[in-house]
Amino acid sequence: MEIQAAVVRSFDRPPRYEPYELPAPSDEDQAVVDVVAVGLHPRVRSGASGSHYTSTGKLPMIPGVDGVGRLADGRLIYFVADDDLAGPMATRTVVDLRRTVELPPGADVVKVAAAMNPAMSSWVALRRRVPIRPGQSVLILGATGNAGQMATQVARRLGAGHIVAAGRNESRLSGLGADIAVPLTEDALAEAASEVDLVIDYLWGKPAAAAMMAVLRARTDRSRELNWIQIGSVAGPTMELPSVALRSANFRLQGNGQGAVSTRGYLAELPSLIDEITSGGLTVDTHTAPLAEVESAWTQPEQPGARTVLVP
Ligand SMILES: NC(=O)c1ccc[n+]([C@@H]2O[C@H](COP(=O)([O-])OP(=O)(O)OC[C@H]3O[C@@H](n4cnc5c(N)ncnc54)[C@H](OP(=O)(O)O)[C@@H]3O)[C@@H](O)[C@H]2O)c1
């Protein structure tokens, strides 16, 4: 079947909107959907540039990690893309029905496409990786980004008692819904976050290493557990961490992402997160663009804090 799709033919160029021959479903677990909305997440960009750790290097490819589609019988679904099938940034694609969740009638499809990927990072981290206990205190590093904004709301919904939001852009720190918002300075973090139980880290690199040491040095009781969950690396792929960080405190460092939690674990969390998003428990800023304009949407700077959603 011929479709129109955002097609990546070279990892150093944005996708182009062009005709594409969509392979037919190969078994009864697969179905063709009309794509309704697809989020342009950082993870989608790293997949399309071949730099994500799951990248196979195969081209051409249609980018995307998830989306909202309509089945032939009219039902709206959220779907998680399967690396073995064509990607979601297309007028139509093939989905694995075991990776789909039906959306309630009237669901805001743009909101679902925008919010699921960034919200999933903290939702799965705080439910599967290090289950949060009611009243615990959480620091979010990189709180002004899309995933960071969602993490503040998710932590609150999952029972956090105190939330510290930290980001480099001070003008965007207010209005995030945290109990306190601080810049990424060692003094501010030592004062506001020394007693946190959990850290959701979207930064890594130098700012996260400095934050780790500042929090650990200022901790009143070093034997109290501190769970650091590494999720994104917008500030750098590596860090230099003094070994003393791991000896001088009850400090547990782990990550959350594809591989750290099984696909089955992720899929099991989809329905409850969709409920949160479609019932208004979580909010997200969105910016929509036609899929046919994918090339310009790809290269334009993101509106701060908003997630671009492509609509066929
Ligand atoms: N593992 C997972 O399951 C998972 C899921 C979703 C996202 N992620 C990852 O999480 C990260 C954040 O995603 P997102 O959706 O929030 O992206 P985003 O909306 O693009 O936000 C990125 C944020 O990072 C900030 N930032 C960029 N460079 C920085 C630096 N050098 N120091 C401090 N802050 C910096 C930006 O601040 P300004 O506002 O100042 O520019 C912005 O607030 C990405 O790496 C993404 O791939 C992982």
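Trp204 is located in the loop that runs between strand E11 (198-201) and helix H5 (205-218). Before I continue, please keep in mind that this is a predicted model. Although Trp204 is not a glycine, its phi is positive, at about 55°. Is Trp204 buried or exposed? Its relative accessibility is 15%, so Trp204 counts as buried, given that the term applies under 20% relative accessible area.

Leu59 and Pro60 are joined by a cis peptide bond, with omega at about -5°. Pro60 belongs to the loop between H1 and E4. With a relative accessible area of 14%, His52 is buried. Which side chain does that of His52 contact? The partner is the side chain of Arg43, in a polar contact of 3.3 Å.

Another arginine, Arg45, is placed over the face of Trp298, and its distance from the ring centre is 5.5 Å.

I turn now to aromatic pairing. How many aromatic pairs does the structure hold? There is one. Trp228 and Phe251 form this pair in an edge-to-face arrangement, with 6.0 Å from centre to centre and 80° between the planes. The label edge-to-face applies because planes over 60 degrees apart are classed in that way. The pair links distant parts of the chain, with Trp228 in strand E12 (residues 226-230) and Phe251 in strand E13 (residues 251-255), 23 residues apart. As for their accessibility, Trp228 is buried at a relative accessible area of 0%, and Phe251 is buried at 8%.

Beyond strand E13, we come to Ala260, which sits in the loop between E13 and helix H7 (263-278). Ala260 is partly exposed, its relative accessible area being 37%. How far apart are the C-alpha atoms of Ala260 and Arg128? The separation is 9.8 Å, while along the chain these two residues are 132 residues apart.

The remainder of my presentation concerns the ligand. Around the ligand there are 23 residues, of which Thr144, Asn146, Ala147, Arg168 and Arg307 come nearest. By class, the residues of this shell comprise nine nonpolar, 11 polar and three charged.

From Arg307, a polar side-chain atom is 2.9 Å from an oxygen atom of the ligand. For a nitrogen atom of the ligand, I note Ile231, which has a backbone N or O atom at 3.2 Å.

How much of the ligand's accessible area does the protein cover? On its own, the ligand has 930 Å² of accessible area, and the protein covers 76% of this. Which element gives the most to the shell? That element is H3, with three residues.

To close, I return to two points. The one aromatic pair of this structure consists of Trp228 and Phe251. At the ligand, Arg307 is among the residues that come nearest, and a polar atom of its side chain is 2.9 Å from a ligand oxygen atom.

Definitions and conventions: Residues numbered from 1 in each chain as written. Predicted model: local features only at pLDDT ≥ 70, side-chain atom pairs only at ≥ 80, totals over all residues. Heavy atoms only, no water. Near = heavy atom within 4 Å. Polar contact = N/O pair within 3.5 Å; in protein donor to acceptor, adjacent residues only side chain to side chain. Areas by Shrake-Rupley, 256 points an atom, 1.4 Å probe, with all protein chains shown as cover. Helix = DSSP H or I, 4+ residues; strand = E, 2+ residues; numbered from the N terminus. Nonpolar A, V, L, I, M, F, W, Y, C, P; charged D, E, K, R; others polar. Phe/Tyr/Trp six-rings, centres within 6.5 Å; stacked < 30°, edge-to-face > 60°. Buried < 20%, exposed > 50% of the residue type's maximum accessible area, 1.4 Å probe, protein only. Lys NZ or Arg CZ within 6 Å of the ring centre and 35° of its normal.
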